[in-house]
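Let's take a walk through this protein chain together. Keep the sequence and the 3D view side by side as you read.

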Amino acid sequence: MKLKGLRGTSQLGAIGLALLVGLTACTSKPTRVAEAPAPAKPQPPAPGLPVLDPTVSPCDNFYLHACGVWMKENPIPADQSRWGTFQRLADQNQGVLRTILDDAVANPKPETAKIAAFYAACMDEAAVEAKGLAPLQPTLSRIDALRDKEQLGALVGTLHDQGIGAFFSFSRMQKFSDAVQTIAVADQGGLGLPDRDFYFKDDAKSKEQRAAYLAHVTRMFTLAGDAPATAAARANIVMVLETKLADASMTRVERRDPNKRNNPTTFKAFAKKHEGFDWAAYVKASGAPAFTDMNVGNPGFFKSLEQVLKSTPLDELKTYLRWQTLRAAAPWLPKAVAEENFDFYGRTLSGTKEQRPRWKRCVAATDSALGEDLGKYFVAKTFGPQHKARMQGMVNDLLGAFNDRFGALDWMGAETQVKAREKLGAIATKIGYPEKWQDYTALTVTSDDLLGNVFRAAAFDRRDSLSHIGKPRDPSEWGMTPPTVNAYYSPQQNNINFPAGILQPPFFDFSADDAYNYGAIGAVIGHEITHGFDDQGRKYAGDGNLSNWWTEDDGKKFEEKAQCLVDQYGGYTAVEGVNLNGKQTLGENTADNGGLSIALAALKKHLGPKVSEKIGGLTAEQRAFYGWAHIWCSQSRPEARRLQALTDPHSLPEFRVNGTVSNMKEFAAAFNCKPTDPMVRGDKACKVW
């Protein structure tokens, strides 16, 4: 895995050409000819806004009007499958983290010793190459030493402890009926392809990808030392076993219904029901504490898993475990293995042309392993008290606007409204970073053991998470590290969370006016609030408990409103032959539409009479809509578009923009669109919140 920071010869060629031109000018002394001034580069109409494309009407295609110039000026880098404002900001954040880590390595200090050691070990390519697969051998030897199926429980527990997914998943969750309580949960898992449907879809592309996966697994076994024929036979074993696990798995749409995942039981009853696997040995090896209550995300999966374990020869089970181990470790092994891993998961599935430079992979790995240890230095450099105060003000405005919205709904009755306001009022907010940073004292990190660091960090994080089983929930916990460019809503904690990583331009631009920011980060705030009232979130009460707090009539009306969004977005085409899944993306589409609408209402109330004042010739409403479009400016490779449509609950960016604004009469009014314009759905407009 070699560093690719200079991108081959392209930069060297440019420097060489400049020197040659200079030399020619000095020796031949040509007559000077006045050069025509370069045309002025188009500028955005106001701070924070994108450069607009005047050749596209906002009423015809708002996304291209707002993002067309951005897309031309920001081609997809070779090491990316998609490139948008999210990815570009994440790239900038990685640059900040790299500076922090380089300094930590160059100037050793006790407080930065762990992040420095982890990063240094990752960047030491020579050491990784020299060790080969030796760091993985202890784990492979444990698998090879398996003598009977009774030992599977302890072995799988050990693998899970190292971050190696095999057969199923096991973690902790908040109890559906009492969200204050933390319990264990066992669920489906163990696949090597992105989704269960990848094993069964019969279109040409799916068949091609399955064949590529089989070839990839074969090559990985070969790189691990198997003869070609043996490797091919073992790859077939993996495919057969994983297909059985996939067949027992719920679809992504099925898993959107929490009631289908709500299957409470006790550990004693669960272990007795599935005696073919030593669950007591598994729990002990996985580092989980003793517990009584648990949940089973998919009971049918474990019934099928028991049959798979019973009917599959031991050697074939070991082959599958060996594969899952290779797959998990591949990015941190020598170049040949890491490149093979990237070739399938990067090039084949996502269309990415090149592996990311090593420093980016190592920064990301350090963030994953020691996120809060590294994150506090990121926060110190990028996010101050004034940012947090302004953000909190917008959150308050958005919560107020959502509260106002309940009274304006013609489909929600008074009884449901009371409970909806109670839930809204109970939403907690976390902005920027944790109140208390994670203590990594117990995690051992050395500068000469990359794979060991990765496995130990996975074990540390997992054991820390599992240690919460049997305890009350901790509302101060974060599910993302501070540099992350994302945000989330937790239905069982009923809180909205905004890491410092996303609270940077273009999402949150401290130099831009309120209209832009309410359309950008304000709509993100509204999006996360709305998740508490989408098709999944609405099934949880304000205390986080799974509860039907709706009247029967209001629940039916909600579903009718939501079906409109299912139909609208299900009609959008990602790539030829693949449309968006309207049911799979329903929650995110509901949140997009509700979030922007609520943000616009909050802005109007915030500005009052000043809402009509123009900046750059644009009204506050227009600037807000441009702020919304700007954060979604993006483009993706065809493979990535297909993968997202099949597996991601989020719609593709252009549909997030155009699909949302075309449902809003405020947009049509702001840009004087005609009823027949493409961005005006008119009587077909969908509106839930």
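Ring pairs tie ten named aromatics into a cluster: Phe168, Phe170, Phe267, Phe270, Phe277, Trp279, Tyr282, Phe291, Phe301 and Phe302. Keep in mind that this is a predicted model. In the whole model, the count of aromatic pairs comes to 46.

One of those pairs brings together tryptophan 411 and tryptophan 550, which are stacked, with 6.1 Å centre to centre and 10 degrees between the planes. Where in the chain do tryptophan 411 and tryptophan 550 sit? Tryptophan 411 is in the loop between helix H19 (385-408) and helix H20 (414-426), while tryptophan 550 is in the loop between helix H23 (521-531) and helix H24 (552-570). That puts them 139 residues apart, so this pair links distant parts of the chain.

Next up is a pair made by tyrosine 572 and phenylalanine 655. Their ring centres are 4.5 Å apart and their planes are at 0 degrees, so the pair is stacked. Here again distant parts of the chain are linked: tyrosine 572 is in the loop between H24 and strand E9 (573-575), phenylalanine 655 is in helix H28 (residues 653-661), and 83 residues separate them. Both tyrosine 572 and phenylalanine 655 are buried.

Arginine 390 lies over the face of phenylalanine 510, 5.2 Å from the ring centre. Over the ring of tryptophan 478 you'll find the charged end of lysine 430, 5.5 Å from the centre of that ring.

**The sheet**

Now for some strands. Strands of a sheet pair through backbone hydrogen bonds, in either a parallel or an antiparallel way. In this model, 4 strands form an open sheet in the order E2-E3-E5-E4, and the pairing is mixed. Which strands stand at the edges? They are strand E2 (168-174) and strand E4 (264-266); each has a single partner strand, so one side of each is left without a neighbour in the sheet. From one strand to the next, the twist averages 35 degrees.

Inside the sheet, strand E3 (residues 182-188) and strand E5 (residues 293-296) pair in the parallel sense over 3 bridges. If you want a spot to look at, alanine 186 stands opposite valine 296 in E5. Helix H14 (residues 299-311) lies across E2, E3 and E5, and runs at about 55 degrees to E3.

**Salt bridges**

The count of salt bridges comes to 28. Here are some examples, each with its N to O distance.

| Residue | Partner | Distance |
|---|---|---|
| Arginine 463 | Aspartate 161 | 3.0 Å |
| Glutamate 340 | Arginine 219 | 2.9 Å |
| Glutamate 552 | Lysine 556 | 3.5 Å |

Start with arginine 463 and aspartate 161. Arginine 463 lies in helix H21 (residues 450-466) and aspartate 161 in helix H7 (residues 152-161), so their bridge ties together parts that are 302 residues apart in sequence. Arginine 463 is partly exposed, with a relative accessible area of 40%, whereas aspartate 161 is buried at 10%.

The bridge between glutamate 340 and arginine 219 also links distant parts of the chain: glutamate 340 belongs to helix H16 (residues 335-350), arginine 219 belongs to helix H8 (residues 204-223), and they are 121 residues apart. Glutamate 340 has 10% relative accessibility and counts as buried, while arginine 219, at 37%, counts as partly exposed.

What separates glutamate 552 and lysine 556? About one helical turn, because they are 4 residues apart in helix H24. Glutamate 552 is exposed, with a relative accessible area of 62%, and lysine 556 is partly exposed, at 46%. Elsewhere, salt bridges that share partners join Asp79, Asp91 and Lys360 into one network.

**An enclosed helix**

Last stop: helix H27 (residues 638-647). Of its 10 residues, 8 are buried, so H27 is largely enclosed by the rest of the structure. The buried residues are Ala640, Arg641, Arg642, Leu643, Gln644, Ala645, Leu646 and Thr647.

How values were computed:
Residues are numbered from 1 along each chain as its sequence is written. This is a predicted model: local features need pLDDT of at least 70, side-chain atom pairs count only at pLDDT 80 or more; totals for chains, interfaces and linings use all residues. Side-chain values use heavy atoms; hydrogens and water are left out. Two strands pair if DSSP finds at least two bridges between them. Helices (H or I, at least four residues) and strands (E, at least two) are DSSP runs, numbered from the N terminus. Axes are lines fitted to C-alpha atoms, for helices over the stretch in contact, and angles run from 0 to 180 degrees between N-to-C directions. Contact means heavy atoms within 4.5 Å. Rings of Phe, Tyr and Trp (its six-membered ring) pair if their centres lie within 6.5 Å; planes under 30 degrees apart count as stacked, over 60 as edge-to-face and the rest as tilted. Buried means under 20% relative accessible area, exposed over 50%, partly exposed in between (1.4 Å probe, protein chains only). A charge sits over a ring if NZ of Lys or CZ of Arg is within 6 Å of the ring centre and within 35 degrees of the ring normal. A salt bridge is a side-chain nitrogen of Lys or Arg within 4 Å of a carboxyl oxygen of Asp or Glu.
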